[in-house]
Amino acid sequence: MTCSQRAKQIFDEEIEELRKLGATIGDEFDHAVEMIYACKGKVVVMGIGKTGIMGHKIASSLASTGTPAVFVNVAEAVHGDLGIVNGTDIVLLVSNSGASNEILNVIDPVRKLGCTIIAMTGDRSSKLAKEADLVLSIHVDKEACPLGLAPTTSTTATTLVGDALMVCLMEKRHFRAENFAVYHPGGALGRKLLGRVQNFMTTNVPRVSVSSSFKEVVGEMSDKHLGMTMVYDGGKCMGIITDGDLRRAIQKYDDLHITAKDIMTPSYKRIHKEALLTDALAIMDQYNITTLAVTEKLTTEAIIGIISIHHIIDFN
């Protein structure tokens, strides 16, 4: 067997174990999400070794998506780092075996602080699981390591359960791209989202007249690749036509000898050129749309450009 063939086999083995783990998820996961969502403090993730590294990743992911969280190595916790924990926190203890002495040593001190304990472990019968208020299973039947010793599938499972927690909490908090920008000002997308609309909009505005035929409307929208066109009567913008308007027109009219005026939506959303991209995203999200007309100033109606969701998120 070549190494590439063995690699594919390892992929298949880990994926199969993850499928089995996914099938075991139940109400305890709902309870964990609700507990963390209602937490008045922060999530303190603790671990050591390979699962500790995964725990660090879980804490970082939570913190960057709206859930206050920190990671504390349990070896350091018992030597003073427990000072970061207070009674309003939830402590997430990560240990595949659930029997690590370092992990078990922090349970009593954490209890004395009044914290709720969630265990993320591969052994529901372990001492850690028995001492916790709630248990999230990361159990796998076997590691990908041929010796069954090196953490492989189990660490993948730990990361996946952490990712599932993060995503569910993001959705429950209605965490949006504009929030992402605030938490990631140093990243490429974060920096971009804090930019101005005028720096990313297109000035090549799709435009048809109220008397333009259906075919002309489709042609203009196809040429400009924005999924929409503005509709003008002389120099005045009268409305907008989107892909959705086209689909509704096809369903409504048997004869497509219609004009732009017949299918346009008179009202449309706009934003001024000095606004932040986060403001544009907020409006798009609120109205479930993908484009905004851009004006010179907030108080003017003359359209100088179009900002699309693709202008914002396509930063490669």
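Lys-50, Thr-51, Met-54, Lys-57, Ile-58, Ser-61 and Leu-62 of helix H3 touch Thr-155, Thr-158, Thr-159, Gly-162, Asp-163, Met-166 and Leu-169 of helix H8, contact being heavy atoms within 4.5 Å. Sorted by class, these residues are five nonpolar, six polar and three charged; Ala, Val, Leu, Ile, Met, Phe, Trp, Tyr, Cys and Pro count as nonpolar, Asp, Glu, Lys and Arg as charged, and the others, Gly among them, as polar.

A word on provenance: this is a predicted model, where local features need pLDDT of at least 70 and side-chain atom pairs count only at pLDDT 80 or more, while totals for chains, interfaces and linings use all residues. Residues are numbered from 1 along each chain as its sequence is written, and side-chain values use heavy atoms, with hydrogens and water left out.

Here is the geometry of two helix pairs. Axes are lines fitted to C-alpha atoms, for helices over the stretch in contact, with angles from 0 to 180 degrees between N-to-C directions. Helices (H or I, at least four residues) and strands (E, at least two) are DSSP runs, numbered from the N terminus.

| Pair | Angle | Axis distance |
|---|---|---|
| H3 (49–63) and H8 (153–172) | about 15 degrees | 9 Å |
| H11 (214–224) and H12 (243–252) | about 150 degrees | 11 Å |

So H3 runs roughly parallel to H8, and H11 roughly antiparallel to H12 (under 35 degrees is roughly parallel, over 145 roughly antiparallel, 65 to 115 roughly perpendicular, the rest oblique). H11 brings Phe-214, Val-217, Val-218 and Met-221 to the contact, and H12 brings Asp-243, Leu-246, Ala-249 and Ile-250. That's seven nonpolar, no polar and one charged by class.

Now for the cores. A nonpolar core is a set of buried Ala, Val, Leu, Ile, Met, Phe, Trp, Tyr and Cys residues joined through side-chain atoms within 4.5 Å; buried means under 20% relative accessible area, exposed over 50%, partly exposed in between (1.4 Å probe, protein chains only). The largest one has 27 residues, and Leu-92, Ile-118, Met-120, Leu-136 and Leu-165 touch the most other members. H8 is the top contributor to this core, with five residues. Leu-165 reaches Phe-29, Ala-32, Val-33, Ile-36, Met-120 and Leu-136, ignoring residues up to four places away in sequence. A second, separate core holds 21 residues, including Leu-82, Val-91, Val-106 and Ala-129.

Finally, Ile-306 sits in strand S11 (303–308). Ile-306 counts as buried because its relative accessibility is 0%. Its C-alpha lies 7.7 Å from that of Asn-204, 102 residues apart along the chain.
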